[in-house]
Protein chains: 2
Amino acid sequence: MTDQQLNETFLADWAMHSRFGAVEGTNGVDRQAASAADGEQRKWFAELLESRGFTVRRDAVGNQFGLLELVPGAPYVLTGSHMDSQPTAGRFDGAYGVMASAHACFRIADELRANPEGARFNLAVVNWFNEEGSRFKPSLMGSSVFTGKLALEEALATEDPKGVTVRDALDAIVERGDLAELDVASYAEIHVQQGRSMEEDGVTIGLVNATWAAHKYDFRVLGEQAHSGSTLMADRRDALLGAARLVVAARELVDGFEPEALHTACGELTVYPNSPVVVASEVRLLLDLRSPSAEVIREAHERLMAVIERVEREDRVKIEITAEHSWDQNPYQEEGVALAREVAESLGLTHDRVMTVAGHDSTNMKDLVPTVMLFVPSVDGVSHNLNEFTRDEDLVAGVDQLSGVIRKLAAGALVD
Amino acid sequence: MTDQQLNETFLADWAMHSRFGAVEGTNGVDRQAASAADGEQRKWFAELLESRGFTVRRDAVGNQFGLLELVPGAPYVLTGSHMDSQPTAGRFDGAYGVMASAHACFRIADELRANPEGARFNLAVVNWFNEEGSRFKPSLMGSSVFTGKLALEEALATEDPKGVTVRDALDAIVERGDLAELDVASYAEIHVQQGRSMEEDGVTIGLVNATWAAHKYDFRVLGEQAHSGSTLMADRRDALLGAARLVVAARELVDGFEPEALHTACGELTVYPNSPVVVASEVRLLLDLRSPSAEVIREAHERLMAVIERVEREDRVKIEITAEHSWDQNPYQEEGVALAREVAESLGLTHDRVMTVAGHDSTNMKDLVPTVMLFVPSVDGVSHNLNEFTRDEDLVAGVDQLSGVIRKLAAGALVD
């Protein structure tokens, strides 16, 4: 096939792919992990892989693999991302990464079939289970189990808000499998940026060199149920008031640092008993701090703890941290960045080093094997939103770039 | 029976009654409208009424009546309250009022059977459907339909958060009936105070003379979904941040007025999509202002609207009022207050005029017929809480007081 034909084939499959879980009247999707739409898409994707000669297998936590053995017994170059989405989200996100990975492997497979002595490793595409963590927590679930960071049984027992376990949800879409292990030599992933710096700087390929530092908290604010009309204001211990003060404080923390030095957010908050005439006795909320600088995170953490002390005292509530985890700036291997730069230059694609704010499955994989992480631009940086958008020319440039990286990895780059 | 025996009989039935929907390991209950526990309790209550010669009927919205016809064709003195509860609430609240009404009617029925010429009206006990409004909104649903303030079909079509309609929920506990109308001459209700002023002032019987003024709002805060990590802070339109600012502002409004001149609350708030890594696009919250003074409510409303303008501008969200209703201080008939005072004095019970902050089914009934509203004390004013408590001596004093009121109403008081 000509380059033009390769691009058209990719874009045709991409258009088909975006129909699974499509939200009517929008350009976006709702395809949460192990939903019916996720199941249908996985079936379609399995057929696509098989039609190109790949063998489809699932492991015990629903990671879906397309395997092509070119060198009997050799380890695999693995590439992929995730097809699950947030509720009502964009169609790009991780799904673009999976489709780009599949098409990059199709190209390299054709080359290696024609020229078998070019292959040192085999090829594998992966669709990681539950990267998003909206239905089942935590996020990055599939790659965390795969890399031994999360116990399989713990993952399978995790319940969604309706009490359905991962085990039962995967069984309902017949996506729990028996692939016990996979010998991986190296890993590559491509994703849309979910920020607007590349678009503003006119950069087509992001060479991801590190993840921002972060501190994430699960808070439980405890008050006391009371009649929300008749109880004297001075007698109240209002958990929702305490929680609201945390949400506001998180936003105000940002103003104490240089512009864009700190991102803070609370996206999830649940109230009990959540009745119009009852002062809430318990509110759970997830709050996070992110920064390129671990020093900023540490300072923001101290200030947040001071706010908590004040809210506990003034609003007579108790604020518990039921879980927290934090990490410093988390680098990718410089050798992978150099490899990706070399490929971009050979293709004549504009490129730059860029950090990722969000976590990706590659954050897990890089701790196991040499890893390359790539970005293509997002228009206006819109993400986790039905209107997320990346231009076709950037999508196909990303497939070219990823193909170049996989060609080198399959020949042994980063491992020798 | 001696007075002692009457009290013991009441307390025995009361103890039995509190077992329906009991929350294990606590003194409280969870008996939301048309729940299984509500259904079981209604069956038990029907048997109790029938065992004392009352005929049990339900109307089309599940109000449960116990009727005793002593004067063929005459109107009824109606007395009652509601047995449904908030989630995990106290066992007193409206349930005490229903049981006190039943036992007061048992006493007056025995007297009138012995002395038939004392009766001008018949006797009816009522257990109003869904006073609380936690599962199905609005509150006061049963009495609102009964008094023509809410259309029956609208009430029956109301859905709970799981999509179950009032119609289906009532059918599930077989409590939708065919009583088409009831000719009511007068109404009496007794309730625990849900405040602590009577306890502090050493008052056993509250002569309720008015309901506080109020303004209630359903707000919808609209933002824009975005990745909560990677989206620039300046690009966000965070609906949860806007909502949190409203919750905090409502509490801070209170400090601009005299102590206890204004009560504000937000007890219910729901977030969409409520995912840890997505900036919320929509938050719905219910917020209310209450005061004995309509002037304070008007001033607080103006200040709240000014806060909303500022939040919309500064946080780039849109805040809509999707529903609101307000009322001035709402008086009960002074003739009813005088009647209740007369009874309390004849019984030697301490008494005082008191306003109610919360709404009661009597708020609906007083617009239809002459009405008497009574309170007994709540220890520490604890309400809508598992630890709600009223002393036995106050419970039985309340039954005595209500019996005295019903004796006079049955003889024609307030109507002649």
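How many bridges pair strand E7 of chain A with strand E11 of chain A? There are ten: E7 (residues 213–222) and E11 (residues 282–291) of chain A run in the antiparallel sense. Two strands count as paired if DSSP finds at least two bridges between them. The names are simple too: helices (H or I, at least four residues) and strands (E, at least two) are DSSP runs, numbered from the N terminus.

Before we go on, a word on the model. It is predicted, so local features need pLDDT of at least 70 and side-chain atom pairs count only at pLDDT 80 or more, while totals for chains, interfaces and linings use all residues. Residues are numbered from 1 along each chain as its sequence is written, and chains are lettered from A and ligands numbered from 1 in the order in which they are written.

Let us start with the layout of chain A. Chain A is divided into domain 1 (3–211 + 330–410) and domain 2 (213–327); these bounds come from an automatic or database domain assignment. Taken over C-alpha atoms, the centres of the two domains of chain A are 34 Å apart.

Now find helix H1 (residues 3–17) and helix H3 (residues 93–114) of chain A. Their axes come within 11 Å and cross at roughly 145°. Axes here are lines fitted to C-alpha atoms, for helices over the stretch in contact, and angles run from 0 to 180 degrees between N-to-C directions. From H1(A), the contact includes Phe10(A) and Trp14(A), while Met99(A) and Arg107(A) are among the residues from H3(A). Residues are in contact if their C-beta atoms, placed from the backbone, lie within 7 Å. By class, this contact has five nonpolar, two polar and two charged residues. Ala, Val, Leu, Ile, Met, Phe, Trp, Tyr, Cys and Pro count as nonpolar, Asp, Glu, Lys and Arg as charged, and the others, Gly among them, as polar.

Back to the strands. Strands of a sheet pair through backbone hydrogen bonds, either parallel or antiparallel. In chain A, four strands form an open sheet in the order E9-E11-E7-E12, with antiparallel pairing. E9 and E12 of chain A are the edge strands, each pairing on one side only. From one strand to the next, the twist averages 15°. E7(A) also pairs with strand E12 (residues 318–327) of chain A, over nine bridges. Another pair to look for is Arg220(A) with its bridge partner Glu320(A) in E12(A). H8(A) packs on the sheet, touching E7, E9, E11 and E12 of chain A, and its direction makes about 10° with that of E11(A).

Finally, how do the two chains meet? The contact takes 51 residues from chain A and 51 residues from chain B. Helix H8 (239–253) and strand E9 (263–272) of chain A are among the elements that each supply at least two residues to the chain A side. That side has 23 nonpolar, 21 polar and seven charged residues. Because 100% of the interface residues of chain A are also interface residues in chain B, the copies meet through the same surface.

A rotation of 180° with 0.0 Å of shift along its axis superposes chain A on chain B (RMSD 0.1 Å), using least squares on the C-alpha atoms of residues with pLDDT of at least 70 in both. The two copies are therefore related as by a two-fold rotation axis. Ala244(A) comes closest to that axis of the residues of chain A, at 2.2 Å (C-alpha).

Technical notes:
Two residues are in contact if their C-beta atoms, placed from the backbone, lie within 7 Å.
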